[in-house]
Amino acid sequence: MLAIFLKTLPFFMLIGLGWAAARTRFFPPEAAAWLTRFVFYFALSAMLFRFAATLEISQIWDPAFAAAYLAGSLLVWGIGLAVARARKLNWSEAAMEAHCCVIGNTGFLGVPMLVALMGDAAAGPVLLVLIVDLVVFSTLITLIITAARQGRMSLAMIWSLLRGLIANPMIVSLLAGLIWSGAGLPLPGPVLEFLTILSAAATPGALFAIGASLAGRRADRPATAIWLSTAKLVLHPASVGIAAILLAVDPFAAGVMIAAAALPVAGNVYMLAQYFGIAVQRVSSAILISTAASVITIPIVMHLIEKG
């Protein structure tokens, strides 16, 4: 347990460094925003493209894995929605809280950390988790919120949704990498070296940016944020773990799935909440509390995975 904690500690130390730099105003909010933009559009996209382009499709796509992760996540998503509706929240707010319960920081934290901790073989399963999150759950919440506001579904809504997905650099880089891999094309040496150098900035840059983004957050409405954090850090990994057992997912891939599900609430949930103007402070508090708690919960989950 101590050994695993010490392995994960450097990642959280980088987050802490970013938080301290932003908290002391040595690293102003404008700098944090531009660093996040660099990581999102360049470093992380290069990492995702490199992983996808250098893996075979069979190393990424696993129907049993996808079904288990989707089933376990949908169960927790449904629980989050039901709890919110029981508190008399409207459909839009309930959907945003449900989104907090299942969308982890897979891009900025999960991809670099889990590959570093579990080896390159973890890249394929982590990418599949990211694909399900980006495509299925981003589509689901956008449709629910838009339909709740407009009172109906429309072709314009679907077209707007598709444009949003296509404009996401993580989706574009993953799709481009998968197409490259599917075509059986090798990456030329200089291109691979370029992607390797650029993607090397993803891990420190992303973790520093996470910490910097936390500096301006406050834990308002802590009871709700604690519930959402518990659902994300405890219920979500437990649910996908049970689904992985029931669907006989490969043990190593199941471990990666559970570890990915144990990640704290993602920063892009806050961007979505801010865009729609829904439960912004609640989501912000959930990100802060779940990220702080994950310093302890992730090593525990990794220890349980290691013990089988």
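## A buried charged pair

Glu 97 is buried, and Arg 282 is buried too. In this predicted model, their side chains meet in a salt bridge, with 2.9 Å from N to O. Glu 97 belongs to helix H5 and Arg 282 to helix H15, so the pair ties together parts that are 185 residues apart in sequence. The relative accessible area is 1% for Glu 97 and 5% for Arg 282. With the cut-off for buried at under 20%, Glu 97 therefore counts as buried at its 1%, and Arg 282 does so at its 5%.

## The rest of the salt-bridge network

How many salt bridges does the count come to? The answer is 3. Glu 93 and Arg 282 form one of them through their side chains, at 2.7 Å from N to O. That pair also links distant parts of the chain, with Glu 93 in helix H5 and Arg 282 in helix H15 (residues 280–306), 189 residues apart.

Glu 97 and Arg 87 make another salt bridge, this one at 2.8 Å from N to O. Here Glu 97 sits in helix H5 (residues 91–102), while Arg 87 is in the loop between helix H4 (63–86) and H5, and 10 residues separate the two. Arg 87 counts as partly exposed, with 32% relative accessibility. Put together, Arg 87, Glu 93, Glu 97 and Arg 282 are linked in a network of salt bridges.

So what else does Arg 282 touch, leaving aside its neighbours within four places in sequence? Its contacts include Leu 89, Arg 221, Thr 224 and Ala 225, along with Arg 87, Glu 93 and Glu 97.

## Nonpolar cores

The largest nonpolar core has 98 residues, and Met 96 and Val 283 are the ones with the most contacts inside it. Helix H7 (residues 123–150) gives the most to this core, namely 11 residues. As general background, nonpolar side chains in soluble globular proteins tend to be buried together.

Leaving out neighbours within four places in sequence, Met 96 is in contact with Ile 141, Ile 145, Val 269, Leu 272, Ala 273, Ile 278, Ala 279 and Val 283. Another core, of 6 residues, lies apart from the largest one, and Ala 46, Phe 49, Ala 53 and Leu 187 are among its members.

## The second largest pocket

Helix H12 (222–246), helix H13 (251–261) and H15 each supply at least two lining residues. By class, the lining has 15 nonpolar and 4 polar residues, and no charged ones.

## A buried glycine

Gly 205 is found in helix H11 (residues 202–214). This glycine counts as buried, with 10% relative accessibility. Setting aside neighbours within four places in sequence, Gly 205 is in contact with Leu 35 and Val 39.

How far apart are the C-alpha atoms of Gly 205 and Leu 185? They are separated by 29 Å, with the two residues 20 apart along the chain.

Most residues other than glycine have a negative phi. Lys 88 has a positive value, with phi near 70°. Is Lys 88 buried or exposed? Lys 88 is exposed, with a relative accessible area of 74%.

Ala 248 also has a positive phi, near 55°. Its place is in the loop between H12 and H13, and H12 and H13 each supply at least two residues to the lining of the second largest pocket. Ala 248 is exposed, with a relative accessible area of 64%.

Definitions and conventions
Residues numbered from 1 in each chain as written. Predicted model: local features only at pLDDT ≥ 70, side-chain atom pairs only at ≥ 80, totals over all residues. Heavy atoms only, no water. Salt bridge = Lys/Arg side-chain N within 4 Å of Asp/Glu carboxyl O. Helix = DSSP H or I, 4+ residues; strand = E, 2+ residues; numbered from the N terminus. Buried < 20%, exposed > 50% of the residue type's maximum accessible area, 1.4 Å probe, protein only. Core = buried A, V, L, I, M, F, W, Y, C linked by side-chain atoms within 4.5 Å. Contact = heavy atoms within 4.5 Å. Nonpolar A, V, L, I, M, F, W, Y, C, P; charged D, E, K, R; others polar.
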